[in-house]
Amino acid sequence: MNRSFDITLKNRAILHRFLVDFSLSQLNTVPDGYRNSIYWNIIHVVVTQQLLVYKLSDVPMLIGSDLVDAFRKGTKTERDATQHEVEHLKKLLFSTIEQTQKDYDAGRFTSYNSYTVSTKSTLTNVEEAIEFNNFHEGIHLGYILAMKNSIIP
């Protein structure tokens, strides 16, 4: 699983660059034809990873239910993020994956509640969840890269 965690961390580094390089206004912009902002897409991947890996393994998540409720599948950008929230997200991008790897290595994920994702694949264990999460994060990176062209002329 080390390779899967490495892929996640590399993707998160790319996402982090958006949080660093883009203004707060740009991070909060919902371009025409889109439903969500760059900020929403980035925090959504953090929330989804926690749901897929921790929640479905019956292990307490590393984030609060307020974030889950606001950024889970089916939600949309409801308000602008603050600079403080962006700074917090910069930390969560890495701390959640680093802790997940520690928890995985320590054997904390001993059970898993099967879950069928939107692609109709059924996840049956935490390893499948970690692997699918990389696919999911890649989709959202793709959205962000497309959105970038609408935000920066």
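In which loop does Asp58 lie? In this predicted model, Asp58 is found in the loop that runs between helix 3 (38-54) and helix 4 (65-71).

- Most residues other than glycine have a negative phi.
- Asp58, although it is not a glycine, has a positive phi of about 60°, and this residue is exposed, with a relative accessible area of 56%.
- Lys120 is likewise not a glycine and has a positive phi, here of about 75°, and its place is in the loop between strand 1 (115-116) and strand 2 (122-123).
- Because exposed means over 50% relative accessible area, Lys120, at 68% relative accessibility, counts as exposed.

**Helix 1 against helix 5**

- Helix 1 (residues 2-21) packs with helix 5 (residues 83-105) at an angle of about 175°, and their axes are 10 Å apart.
- Since angles over 145 degrees count as roughly antiparallel, helix 1 and helix 5 are therefore roughly antiparallel to each other.
- On the side of helix 1, the residues that make the contact include Phe5, Leu9, Arg12, His16 and Leu19, while those of helix 5 include Val86, Leu89, Lys90, Leu93, Ile97 and Tyr104.
- Sorted by kind, the residues of this contact between helix 1 and helix 5 divide into 13 nonpolar, six polar and two charged.

**Helix 3 against helix 6**

- Helix 3 and helix 6 pack at an angle of about 175°, with 9 Å between their axes, and that angle makes helix 3 roughly antiparallel to helix 6.
- Among the residues of helix 3 that take part are Ile38, Trp40, Ile42, Val45 and Leu52, and they belong to a set that meets residues of helix 6 including Val126, Ile130, Phe132, Glu137, Tyr143 and Met147.
- The residues of the contact of helix 3 with helix 6 divide into 14 nonpolar, seven polar and one charged.

**Helix 6 and its start**

- Helix 6 (residues 126-151) has 26 residues and reaches 36 Å from its first C-alpha to its last, which is close to the 38 Å expected at 1.5 Å a residue.
- At the start of helix 6, a side-chain oxygen of Asn125 comes to within 3.1 Å of the backbone nitrogen of Glu127.

Technical notes
Residues are numbered from 1 along each chain as its sequence is written. This is a predicted model: local features need pLDDT of at least 70, side-chain atom pairs count only at pLDDT 80 or more; totals for chains, interfaces and linings use all residues. Side-chain values use heavy atoms; hydrogens and water are left out. Helices (H or I, at least four residues) and strands (E, at least two) are DSSP runs, numbered from the N terminus. Buried means under 20% relative accessible area, exposed over 50%, partly exposed in between (1.4 Å probe, protein chains only). Axes are lines fitted to C-alpha atoms, for helices over the stretch in contact, and angles run from 0 to 180 degrees between N-to-C directions. Angles under 35 degrees count as roughly parallel, over 145 as roughly antiparallel, 65 to 115 as roughly perpendicular and the rest as oblique. Contact means heavy atoms within 4.5 Å. Ala, Val, Leu, Ile, Met, Phe, Trp, Tyr, Cys and Pro count as nonpolar, Asp, Glu, Lys and Arg as charged, and the others, Gly among them, as polar. The expected span of a helix is 1.5 Å times one less than its number of residues. A polar contact is a pair of N or O atoms within 3.5 Å; within protein, one must be able to donate a hydrogen and the other to accept it, and residues adjacent in sequence count only if both atoms are side-chain atoms.
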